[in-house]
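Visitor: Please show me the structure. I would like to ask about its aromatic rings.

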Amino acid sequence: MVRWAYEYQDQCGNSTSLNVPNNGLNTWRPWSFYNTQSIATNINSSSGSANFGPGDTFDFFISTSSSQTPTTTSIPGMHWEVHFTLPPGIIPNGNGLWESEPFDLISFNSGTGVAIYSSISASTYGYLISRNPKIPLMVDPACSGSFAGGISYEYHLKGDSTYEPVHICEDGPTFTVTCPSSGPAVCVSNFSLDRTTLGYTDMTETTPIPANTSGLRLDHVLEGDMVRWHVEIDVNETNLSSAKALLEYDTNNWFGTQADGGIKTIQIEYLPSGGGTSTISNNLDQYSYVQNNAGKSNHSVDILGGDFSTITPGLGDRYIIDVDLKVSENSSISYTRYMPMTGILASSPVTSAANPTEHTCNFLTEEFGVLAYKDVPTTQVVQQSLTIDGCNEFGMGIRFHHATYSVLGDLFPNEFRNFAIPKVVDILVPVGVDYVSGTSSYRGYGEFLHDIADPVITYNAEPGFHRYSWTNDGSWSKEKASVSYAIKDVNFNVVANCTIEDWSFSDERLGIIVLPSTEFEIFRNVSLPGRSINMGRSTNVRNTQYLPLSYTVSSPTPTISTNTQNAEWVVDINNTTSGGASLQNTWIAIEITNNNIVPTLWDSTTEIPLIGYGTGKYWAQVGDISSSGKQLEIRSNDFTVCGTDSFDIRVGQNCSQYPTDPDTGYPLGSSGINYNCSEEVIQLSLSTQDPSINVTTALGVPPATYDFCDVVPYSIDVNNAANGFAYALDADIKLPVGMVLDNTSGVLTYDAVDYAIGSGLILFNAGTNTYSIDISAIVGSPISGTNGLPGVSVPEPNEFKVNFELSFTCDYVSGSKIITQINAESGCQQAIDPNDGQSEIKTNPVNVTQVPSNIDYDISVTSDDNAVQACNETEGISVEITNQGIESDGDIEFVVATIDDAFNYVSGSYVAGYEWSFCRTNGINRSSSGHSNIKMANS
């Protein structure tokens with residue numbers, strides 16, 4: 001059994017205490033704690049005013065607003081009763097409306113004037129307090145005498161037998177009732193209390209609103225406004241000993257006597273009956289003010305004193321009085337919202353010889369109220385959501401409250417009244433969020449929202465905070481003073497950065513600090529420019545939940561052992577965030593300490609450009625990574641890792657932006673300040689495998705003895721006997737003196753396919769008689785370029801053959817050897833060690849027969865005749881060469897015939913003698929003896 005005991009004083013001052021035995025926890029329901037306000041008005045009067053006569057009807061209307069309300073599940077059958085206390089002479093005129101549903105008249109006690117209405121028949125919203133009830137009322141046709149009155153009301157929550165909270169206790173506006181009476185008096189025939197300070201036609205504030213504009217509510221004022229009390233008094237009694245015009249209302253020092261408020265001017269005009277000359281007085285001494293006279297504030301004008309002391313008023317005379325008052329800017333208004341002035345009555349109390357007791361003919365009333373604003377607005381953080389979900393942008397802002405919402409709506413229809421506008425908004429925002437460029441906006445509540453320039457941001461202005469400063473450039477919209485809560489919002493978007501969880505406020509709260517440099521311009525009396533006010537420092541926070549992002553980085557291939565010039569690693573970025581949020585602004589960095597790998601980054605078949613940021617350091621912006629994660633590949637075909645080496649992979653992410661680079665961190669605007677975020681780091685490694693080159697050569701067909709004029713085929717067989725591929729293959733063939741390589745005869749054979757070796761790939765060093773052949777540049781060859789020669793680790797052939805043709809000159813020394821060297825690099829671009837395998841080889845001695853030596857020539861030259869020949873005629877020349885030597889020692893002879901430049905050789909005229917014993921190799925005639933004839937033509 002759970003027992004509740006409570007003592008409670010409601011808003012109406014009623015005290016209640018009760019022991020409540022119950023085994024449930026829902027019995028005690030202090031609903032009266034709800035934040036509700038109301039305001040009541042007299043509307044739809046049959047007489048058209050708040051001054052009624054016998055039989056007049058009118059409605060009494062309550063407008064409510066509430067930030068909370070009980071629900072239908074709180075108490076079955078829960079509803080509201082409103083107890084109205086009516087003044088004598090006012091009676092109910094039937095059932096009312098609970099907004100649009102029935103509002104039943106339950107009872108009326110004519111003795112106490114209490115009429116009870118119930119929302120029990122309002123089946124849909126009977127439980128809801130904010131339903132604006134309206135009841136019909138009537139002035140009792142049998143009333144007698146004039147009086148002023150008002151209606152008070154209380155809200156009672158019904159449905160729980162143990163507890164009946166009384167929620168709202170308020171008073172409605174004053175109204176007057178004039179019923180027939182006997183006896184002479186001085187009567188008020190006309191009364192108004194109207195604002196004379198007018199606004200503008202629109203928010204440009206360039207054209208004042210004309211006073212005769214239809215629909216103006218001159219009974220609504222702002223602090224600082226000028227108000228005219230206008231009253232007309234008709235004299236219906238003679239021999240007056242005292243007479244005054246009296247304006248009274250419930251105690252409020254709204255006009256007061258302060259320097260910025262109270263009476264400013266007065267004009268009293270006396271109009272005698274019959275059309276005589278009027279008398280006008282502006283004597284302020286005829287005016288008096290009492291702030292509290294038995295609970296009433298009194299303004300009175302003595303119409304018999306001052307400049308009128310010599311006038312004796314008679315029947316039918318009239319006084320017209322205008323008093324200009326200013327509503328104080330520091331008036332004693334209890335709430336910063338629209339407050340109706342209650343108990344307003346205008347009368348003309350008099351005493352006379354016939355009736356020395358102060359008496360009055362009647363009362364008139366008016367509606368009047370002040371929209372009171374705060375000298376310094378209060379502030380509230382505006383936040384789009386109480387949950388920061390990963391990288392989602394969310395709205396923040398600061399709201400300035402100048403007053404509380406008016407339940408009457410627009411208090412200044414058909415005119416523009418601006419009360420205040422911010423000039424500078426200066427706030428501190430936690431460093432855990434970053435401003436989103438181009439998202440600032442401003443609005444006065446009820447007006448349109450419009451963009452404003454980005455703030456000037458001072459980073460780390462205070463520990464844990466950046467400072468955002470906006471300055472109104474004159475384009476910020478102005479707001480009607482009474483449409484709303486008098487709210488002004490400066491809104492902007494932010495996105496969480498990686499420091500979001502280092503909350504600037506404790507207990508996971510996000511907020512804004514308003515700085516005293518925030519400045520408003522106030523226009524209380526429509527003066528331009530207004531006066532400036534500065535805010536006090538205020539902290540505004542909201543409990544906020546952050547849903548963090550999380551991710552891991554891994555690789556299924558952390559260690560790569562390659563036998564080629566290529567390496568590839570797979571990197572998985574795994575988004576482990578709950579709820580599927582994306583990782584925004586994700587980046588990857590590759591840091592190679594020894595700078596011995598040149599990487600590329602790939603997303604499937606798309607290469608992602610890498611940016612260098614230091615020796616051996618590369619990074620790239622990867623973008624947003626969804627809940628499914630992302631797989632990247634790091635590839636390299638350019639590395640100098642010979643053996644094994646490792647390098648680091650760094651992966652980072654920040655919702656707000658990318659870093660300048662991974663080492664510099666994330667920039668705070670253009671401040672030059674950076675911050676860092678946590679990262680995930682893994683290590684990858686590379687091992688390379690070396691090749692082993694072996695070479696054999698073959699020269700023609702054994703035995704290796706050749707005739708001097710033979711063309712000798714030469715072949716080189718190469719194989720790779722290790723796992724690693726061989727690259728940059730070339731062959732150096734060093735021939736002995738007197739041996740020549742035909743650079744047009746080269747052929748590479750790989751996998752039973754021949755590939756021609758272009759002469760441009762063969763370089764000749766005459767000094768060493770060495771021919772260098774670039775094997776890796778052979779067009780179309782499967783082992784050319786970056787392909788390389790496979791090793792034994794793959795099924796592709798690991799060998800190739802190169803063939804050339806050789807020939808001899810007369811300088812050849814029989815028995816010389818050919819030296820062949822195969823050069824190559826491993827996948828790590830290191831030249832192979834000649835001792836690793838057999839990459840260099842010499843042929844057996846190459847023996848050649850019939851090489852002449854010790855040559856002793858006898859040469860004779862004769863011509864057909866010695867006469868001078870004409871042009872285009874021919875001359876025969878005979879050359880005879882005799883070798884007088886016998887030995888052949890391997891030397892090479894060259895026979896050169898040099899002809900005078902005046903002659904050209906006649907093609908086809910050469911005839912060798914029968915004695916020649918010669919061979920023609922590479923265009924060179926070699927002979928032991930003989931003669932030849934040629935013809936030459938004179939050119």
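Visitor: How many aromatic pairs does the count come to?

Guide: This is a predicted model, in which local features need pLDDT of at least 70, side-chain atom pairs count only at pLDDT 80 or more, and totals for chains, interfaces and linings use all residues. Residues are numbered from 1 along each chain as its sequence is written, and side-chain values use heavy atoms, without hydrogens and water. Rings of Phe, Tyr and Trp (its six-membered ring) pair if their centres lie within 6.5 Å; planes under 30 degrees apart are stacked, over 60 edge-to-face, the rest tilted. By this rule the count is 25 aromatic pairs.

Visitor: What kind of aromatic pair do Y270 and Y319 form?

Guide: The centres of Y270 and Y319 are 5.1 Å apart. Their planes are at 45°, so the pair falls between the two limits and counts as tilted.

Visitor: How many residues apart in sequence are the parts that Y270 and Y319 tie together?

Guide: Strands here are DSSP runs (E, at least two residues), numbered from the N terminus. Y270 lies in strand β20 (residues 262–271) and Y319 in strand β24 (residues 318–326), so the pair links parts that are apart by 49 residues.

Visitor: Is Y666 buried or exposed?

Guide: Buried means under 20% relative accessible area, exposed over 50%, and partly exposed in between (1.4 Å probe, protein chains only). Y666 has a relative accessible area of 2%, so Y666 is buried.

Visitor: Over which ring does the charged end of R635 sit?

Guide: A charge sits over a ring if NZ of Lys or CZ of Arg is within 6 Å of the ring centre and within 35 degrees of the ring normal. The charged end of R635 is 4.4 Å from the centre of its ring, that of W602.

Notes. Helices (H or I, at least four residues) and strands (E, at least two) are DSSP runs, numbered from the N terminus.
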